[in-house]
Amino acid sequence: MQPTNQPADAGGARAAGAARSGTGAGTRAGTATAGPARSAEAAAEQSSALVLHVNGTAYELTLDHRTTVLDVLREHLGLTGAKKGCDHGQCGACTVLVDGRRANSCLMLAVAQDGRHITTIEGLAHGERLHPLQEAFVERDALQCGYCTPGQICSAVGVLQEAADGFPSHVTPADAPQGGPVPLTVEEIRERMSGNLCRCGAYPRIVEAVHDVSTDQGVAS
């Protein structure tokens, strides 16, 4: 006997309603299958293949468009010398050289650097021989905790090249000769290195280390 408050065909009506609304088990299974497929398509649309030349080695990578150069170096290539400090381009701990020019790697999207040549602190030495700036930082004791040191040294390499190429800074005299190297005075070094912060306060020794190398290279004053 059917309950007095339910039509005799209520079960069939519910089944028919489920079929019309697409809430049956078969439809749910189809949705579960389509979900991962759509996610894979979306991931593919948000990724690109590229080549980065890092420390002389070419790497073929497929990366999410939002991936920064810093994250590629640290998370994909295992090069942890460049540090993530502020992640806003304000501290300089992530500084690397891109085609010979210093840059904050935390602000650079990797997909925009396809084909570029990147040098990190790990790529400065020649075999067992340290780069002159690395040696100078050790000799001058131009570090304490060392967290910012890779970025400081890479930035200093860029400073030496910029001065040698004649790029002026904010403190370069307006009447300085054009086209020739800019002499690296202590004031020039301080100004050019001001984008690299050292929370330990090793600035005097850092300036001395950079000045030592600039003197050896003939661009000091």
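A residue is called buried when its relative accessible area is under 20%, exposed when that area is over 50%, and partly exposed in between (using a 1.4 Å probe and protein chains only). Keep that in mind as we walk through this predicted model, in which local features need pLDDT of at least 70 and side-chain atom pairs count only at pLDDT 80 or more, while totals for chains, interfaces and linings use all residues. Residues are numbered from 1 along each chain as its sequence is written, and side-chain values use heavy atoms, with hydrogens and water left out.

Asp64 counts as partly exposed, because its relative accessibility is 22%.

The names come from DSSP runs, numbered from the N terminus: helices are H or I runs of at least four residues, and strands are E runs of at least two. Lys84 is partly exposed at 33%, and Asp71 is partly exposed too, at 21%.

Now look for Glu188 and Arg192, whose closest N and O atoms are 2.9 Å apart in a salt bridge. They are 4 residues apart in helix α6 (residues 186–192), which puts about one helical turn between them. Here's the background: an α-helix has 3.6 residues a turn, so residues three or four places apart point the same way. Are Glu188 and Arg192 buried or exposed? Both are buried. They also belong to a network, in which salt bridges with shared partners join Arg102, Glu162, Glu188 and Arg192.

Next, turn to helix α4, which covers residues 132–139. Its buried residues are Leu133, Gln134, Ala136 and Phe137. Viewed down the axis of α4, they fall within an arc of 160° (taken from the directions from the helix axis to the C-beta atoms), so they line one face of the helix. Val138 and Glu139, on the other side of α4, are exposed. What covers the buried residues? The cover includes α5 (149–164) and α7 (203–216). Just after α4, Asp141 takes a positive phi of about 55°.

Zoom in on Leu124: leaving aside neighbours within four places in sequence, Leu124 is in contact (heavy atoms within 4.5 Å) with Leu97, Thr119, His131, Gln134, Ile153, Cys154 and Val157.

How about the cysteines? A disulfide here is a pair of cysteine sulfur atoms within 2.5 Å, and the structure holds 0 of them. The sulfur of Cys198 is 4.0 Å from the closest cysteine sulfur, in Cys148, which is too far for a bond. Cys198 counts as buried, at 7% relative accessibility. Cys200 is in no disulfide either, with the nearest cysteine sulfur, that of Cys145, 3.7 Å away. Cys200 is partly exposed, with a relative accessible area of 30%.

Our last stop is His88, in the loop between α3 and β3. With 56% relative accessibility, His88 counts as exposed. Not counting residues up to four places away in sequence, His88 touches Cys106 and Leu107. The C-alpha atoms of His88 and Asn104 are separated by 8.9 Å, though these residues are 16 apart along the chain.

Terms used. Salt bridge = Lys/Arg side-chain N within 4 Å of Asp/Glu carboxyl O.
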